[in-house]
Amino acid sequence: MKGNLKLKWSSALRHLALAMLTFACAACGGAFGTANPTAPGNTSQVPAENSLWVLGTPGTPFQALVTDSSQSWSFRGVVPEAVVIVNNAPGTQMTVTKLTNNSALMTTQLFNGVTLVAEASTNDPFGTTVVQTFGGLTGVAPHANPDIRIFMKGPASGLLTGLVEDLSLSFVFEARAPTLFLFEHPDARVDAIINSVDTAGTIIADIQSNGVVAVQASGGPRLLIKFP
Amino acid sequence: MKQLTSWRAAIALLAPVLVLFSVALVPVETGRAQQTTNGGTVVIALTGSPPATQLPYTPAFQSLAFNVLAVRLNPSTDPSIFQDQTDPNWVTVPVAQGVGLNTGSMVDVFTQLAVLFNLNTTGPNPGSAGTGPSELQVDMNQIQTVPQLLNSQLVPANTYHAIELELDGSNAGTVVPICLEEASSQLEGCIASQIALVDPSAFLTTTSVTGVSVPLGGLTTLVITINPVTSGVQPFAGRPNFSGGLYTFSPSISVTSTVLPNVVNTLGEVTGSAFGATQVAAELASTGQVVEIATLGGGQYQLPLPASPDGTLYDLVASGSSSAYAFAHNVLVRRGKIQTVQLNSSGAGQISLAGKVTDTCSGMALQGATLEILAPAPGSGADCTQLPTPSDCVVLASANTDDTGTYPMSSSNLVTQSFDRVPKGNYTMLVTDAGYDTVASSMTINGGASCSLGTGGSCNFALGRSTVEGLVTISPPVPSPRALNVLVTAEDHGTHHIENVTLTSVPVGSSAAPFTMFVPDAANVASLDMYATVSDYFNGLPEKATGHTVAVLSGFAPASRCGTAATRPTLSMQCAGHGSIMGSTAVFDDGTSIVLSKDGVQLMSTGIGPRGSNVKGEFSFCAPVDTGPYQLQRFEAVPPAAMPTPVASPTPITMTPPIQVGQPCNSICGTGSGNCLVCTNQTGVTVP
């Protein structure tokens, strides 16, 4: 009984802390010179974002080609990793190839918001999976230019929430590290506000611009990062 | 296209799960030492077998995978408990993190965020990205050889009688049937179809009269058998009446469980002392693929481990916060057997190991490179700096590089032992990255780290490579409405060892596209085989089995370091449709596989149905129809690390051309005639 009471208090405090952090997050939506000082972006006006999870045997390296109807990105990563297309154009296709000769499991799951859209697995050496939204695409779009990415790479498997925004739009997210945000057609500058929900450790993030790491930051339980 | 789905693939499916077991326990501080006050641990594994082919009702399947969300346990003996999913005594064991990214018992904050940020979560614009259901795809063809670990979790000590397996009702799984026997049906095979459940809202349930007993502070194993077809109840609910339509199943489950030290007969157990260590990891021998991690209490460990019918070899690695590694090599785990392995270690100073991996030619940071710390198995005298790495080397720890080329990546602590605490000693550091030269450097840890092949003696590494530029062509030109992607693969000549894969896209109306890929330089790989496959679509959905011929090129010479190969290869593919081959071999065991080759280049491999299964001794392939014959050959390997080698003469087989049908229809690719191609099956192939 005492344990349960302690758990309830702990849970309540966690909820309160979360609420405070997220209100603070909302309130500082314009802290970086953005145009949305009190109500971050036009979040309520945008559709759910597409995201990809690459799961399976931890430590399995992979390469991915992600495209929607407007832009595409290619990158390497390591299982497990989540990838979110911010401000994505309609339609998404993700082709992921294992980069090991072993038979480790790799599963890719494509989500729209919190809805699972497609799923595929392989354990072939250098096996490939392809997942796409309904109807697919007619081809691979031009490579994103500028190519702005935000990579939340720690804490391991920590549950993170927050906001990714540019001067025009903002998007909330709930994700586990590591998560890669691919920012489609960013408006001038981007920033992210990241809250650690489970305080699993230090939040580590960077922003890449056209393949070069431009900004690195670490801290917590709330981390702010912006570029330029 | 390279489908080396040998028995090793089945074993490797185990790898991802319990490595997260210990991680999952960390947030609630429930290591084995604390479990006595909270409950006991249940280790859950899944097994089963694909249904026997019973035409015309049940076709054979290239793959049959169910999407598993969780297992639920309840101590009630009342059968009506299955109708009360809100009963507070239900205990849920979800798919492990890493295999899935579920939130488990975490608070779902997405809804709160949605409120705070003024989102409409139920309307047409729910907004932004969040975590969703994560699933483990369980392929019946894989788990028939060895069970697949689902997860391990601390649960209240109790005896559980009601057991549920939760599938994703709206996305229950995927099935790839071989080409159907009756050509008149004109149903295309070797394409993926979704699985529908007869009752998508119901969990798969079973009742255990004796119950699954989870003692206080104890460890219980629970193996759930998935029966895709419920004999006598629902033989096979139905296949679709059009190509690519839903396959309907009504699966059931049954269970066996024991409390250690007794062992379910599909598992074995290793136990012993590991004083000085805080955890013991079980890896598939010589691979570094972690299957399970035990966190220690009182210096003792218990590892229930899946085993194939002939037994499975594991490496065991014990590590601690201030001790040297203790490890054992090639521990043979047999079903239903318990053995003791002592892994006591001595104290040793440790350091935190970090560094960077870059491209020698461009200086760019390499993301996703893998670093492994190796040591020779006790008494083996193996030189782990040799390439290829001797099988007597044990992987003690591994890490990956992040987007800055820095290792260990923060999330690398999901992988075996952390680089944060490497004990003093002499090791080999193995650095690998697809398309790059592998480096096997001797490494000394003694207050700091030095690597003989690192940059300036440090443990920063620059990897060499060369470049291949070439062209892929497709005939006829890519039809509207979508471009076709082509995967180009380079592997060591005459072997299965793939060096790299690259993707290129051929636009609509075009018949060619250039490709560029990195491969190791000539000083490291003398000769390469290359092959290319088209990623075809059926009814707009991407398919694994291509309908275009596979282009092969044998004996390609790579360039010197940082150079580009003088020859520019052209790899040509034609739309020919695909087909399937079904056969059997009389001589087989856990290490048997059948390899399909073209012009001396091995293209795909498949395992054999194990003894006691519904499909014992049987194999099947989906492959594009080619004008020339393929070669089928039996390969054998000693489990689990040895490279399979041919043991009998190859059997030539020429694929039967597909049936051509008129519009309206769908086809795996277009020949330009306007007709569609429907694949055919060849049965009764015998491989010596």
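Two residues are in contact if their C-beta atoms, placed from the backbone, lie within 7 Å. This is a predicted model, in which local features need pLDDT of at least 70 and side-chain atom pairs count only at pLDDT 80 or more, while totals for chains, interfaces and linings use all residues. Residues are numbered from 1 along each chain as its sequence is written, and chains are lettered from A and ligands numbered from 1 in the order in which they are written.

Confidence comes before the details. The model scores ipTM 0.88 and pTM 0.87. The pLDDT is the predictor's confidence in each residue, from 0 to 100. In chain A its mean is 79, with 78% of the residues at 70 or more. Helices (H or I, at least four residues) and strands (E, at least two) are DSSP runs, numbered from the N terminus.

For chain B the average pLDDT is 84, and 84% of the residues score at least 70. Two stretches of chain B stay under 50: residues 1-36, with 140 contacts beyond four places in sequence, and residues 100-127, with 73 such contacts.

Strand S1 of chain A is a place to begin with the fold. A residue is buried if 20 or more other C-beta atoms lie within 10 Å of its own, exposed if 12 or fewer, and partly exposed in between. Strand S1(A) covers residues 50-56, and seven of its seven residues are buried, so the strand is largely enclosed by the rest of the structure. On one side are A:Asn50, A:Leu52, A:Val54 and A:Gly56, on the other A:Ser51, A:Trp53 and A:Leu55, and both faces are covered.

Two strands pair if DSSP finds at least two bridges between them. S1(A) runs antiparallel to strand S6 (residues 106-112) of chain A, with seven bridges joining them; here A:Gly56 stands opposite A:Met106. S1(A) also pairs in the antiparallel sense with strand S4 (residues 81-86) of chain A, over four bridges. In that pairing, A:Val84 is the bridge partner of A:Ser51.

Chain A also holds an open sheet of four strands, in the order S3-S2-S5-S8, with antiparallel pairing. Its edge strands, S3 (72-78) and S8 (128-132), each pair on one side only. Neighbouring strands of this sheet are turned by 15° against each other on average, direction ignored; the axes are lines fitted to C-alpha atoms, for helices over the stretch in contact, and angles run from 0 to 180 degrees between N-to-C directions. Strand S2 (residues 61-68) of chain A is joined to S3(A) by seven bridges, and the two run antiparallel. One bridge puts A:Gln63 together with A:Arg76 in S3(A).

Chain B has four helices and 49 strands, and 55% of its 688 residues count as buried. Of the contacts in chain B with a separation of 6 or more, 73% are between residues 24 or more positions apart.

One open sheet of chain B has three strands in the order S25-S22-S30, and its pairing is mixed. S25 (406-407) and S30 (461-463) stand at the edges with a single partner strand each, so one side of each is left without a neighbour in the sheet. Strand S22 (residues 355-359) of chain B runs parallel to S30(B), joined by three bridges, and B:Asp359 stands opposite B:Leu463.

A nonpolar core is a set of buried Ala, Val, Leu, Ile, Met, Phe, Trp, Tyr and Cys residues joined through C-beta atoms within 7 Å. The largest has 233 residues, and those touching the most other members include A:Ala205, B:Val68 and B:Val280. Strand S3 (residues 61-74) of chain B gives the largest share of this core, nine residues. Leaving aside neighbours within four places in sequence, B:Val280 is in contact with residues including B:Ala274, B:Leu316, B:Ala318 and B:Leu343.

B:Val138 lies in strand S5 (residues 136-139) of chain B. It counts as buried because it has 23 C-beta neighbours inside 10 Å. Beyond four places in sequence, the contacts of B:Val138 include B:Leu46, B:Phe66 and B:Val68.
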